[in-house]
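Hello,

Here is the structure I promised to pass on.

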Amino acid sequence: MSNDEFRAAMSRLASGVVLVTAQEASLDPDDPQAPHGEDVGMTATAFMSVSLDPPLVLVSLREGSRMDDLLDEQPRWAVSVLSESQRHIAGRFAMKGRVSDRLLFADIPCVRGEATGAPLVGGALATLECRTERRVPAGDHTLVIGRVLTATLPSPAAGPLAYFKGRYRQLD
């Protein structure tokens, strides 16, 4: 089986779309004048619930990606489950060779998570704040299992954004 055959087969599995966010630590935490750390975000479609008791979720991150490296150091992170009207957010944070995350967040309405300090996208179907429980190497990815610390439903009536056959889609 080739990588292309495997990718084509897995593209037939519809999935939800989330924005994973975390706050990078300040470059100099001892200096009160130093700028605060930067917000970092990444679109993910490999996200799932793992357990109800305790509440656990899992996200798959490309090994060595900025988010993988950050969550190796920063145990607190957040997830915004994107709605069908937030396709532009998913596309923006999925771009390769993109501009700085500060610019990506510039015009997106967000609130700061109380438990994590990470940005939570306004208008998302749901938001979760998490603390890493375990990291599991899996091929060219890292599976990050997080304990859910908070869960909110900012826009529960909106429709979901889905990813199917390599494209963002709305459910009809």
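First, a term: a residue is buried when its relative accessible area is under 20%, exposed when it is over 50%, and partly exposed in between (1.4 Å probe, protein chains only). Helices (H or I, at least four residues) and strands (E, at least two) are DSSP runs, numbered from the N terminus.

This is a predicted model: local features need pLDDT of at least 70, side-chain atom pairs count only at pLDDT 80 or more, and totals for chains, interfaces and linings use all residues. Residues are numbered from 1 along each chain as its sequence is written, and side-chain values use heavy atoms, with hydrogens and water left out.

**Strand β3**

Start with β3 (39-44). Six of its six residues are buried, so β3 is largely enclosed by the rest of the structure. In a regular strand, side chains alternate between the two faces of the sheet. Both faces of β3 are covered. D39, G41 and T43 lie on one side; V40, M42 and A44 lie on the other.

Which way does β3 pair with β2? The pairing is antiparallel and runs over six bridges. (Two strands pair if DSSP finds at least two bridges between them.) V18 has A44 of β3 as its bridge partner.

**Helix α2**

Next, α2, residues 66-73. M67, D68, L70 and L71 are buried there. They sit on the same side of α2 because they cover an arc of only 165° around the axis. That arc is taken from the directions from the helix axis to the C-beta atoms.

What do the buried residues of α2 pack against? The list is β2 (18-23), β3 (39-44), β5 (56-62), β6 (76-81), β9 (126-138) and β10 (141-152). Contact here means heavy atoms within 4.5 Å. The face turned away from the buried side carries D72 and E73, both exposed.

**Salt bridges**

Side chains of opposite charge can pair when their charged atoms come close. The rule used: a side-chain nitrogen of Lys or Arg within 4 Å of a carboxyl oxygen of Asp or Glu. How many salt bridges does that rule give? The count is nine. Three of them are worth a look in the viewer.

- R66 with E24: the closest N and O atoms are 3.1 Å apart. The pair links distant parts of the chain, 42 residues apart: R66 is in helix α2, E24 in the loop between β2 and β3. R66 is partly exposed, at 34% relative accessibility. E24 is partly exposed too, at 28%.
- R92 with D107: the closest N and O atoms are 2.6 Å apart. R92 is in helix α3 (residues 87-94), and D107 is in the loop between α4 (101-105) and β7 (110-112), 15 residues apart. D107 counts as exposed, at 56% relative accessibility.
- E133 with R147: 3.1 Å, N to O. E133 is in strand β9 and R147 in strand β10, 14 residues apart. E133 is partly exposed at 38%; R147 is partly exposed at 27%.

Salt bridges that share partners also join E24, E38 and R66 into one network.

**Surface patch**

Last, the nonpolar patch. M1, F6, M10 and L13 form it on the surface, with about 490 Å² of accessible area together. Areas come from the Shrake-Rupley method with a 1.4 Å probe; for residues, only the protein chains shown count as cover. Patch residues have over 30% relative accessible area and no salt bridge; like charges are joined within 9 Å, nonpolar side chains (Val, Leu, Ile, Met, Phe, Trp, Tyr) within 5 Å. L13 is in the loop between α1 (3-10) and β1 (15-16). L13 counts as exposed, at 55% relative accessibility.

Best wishes
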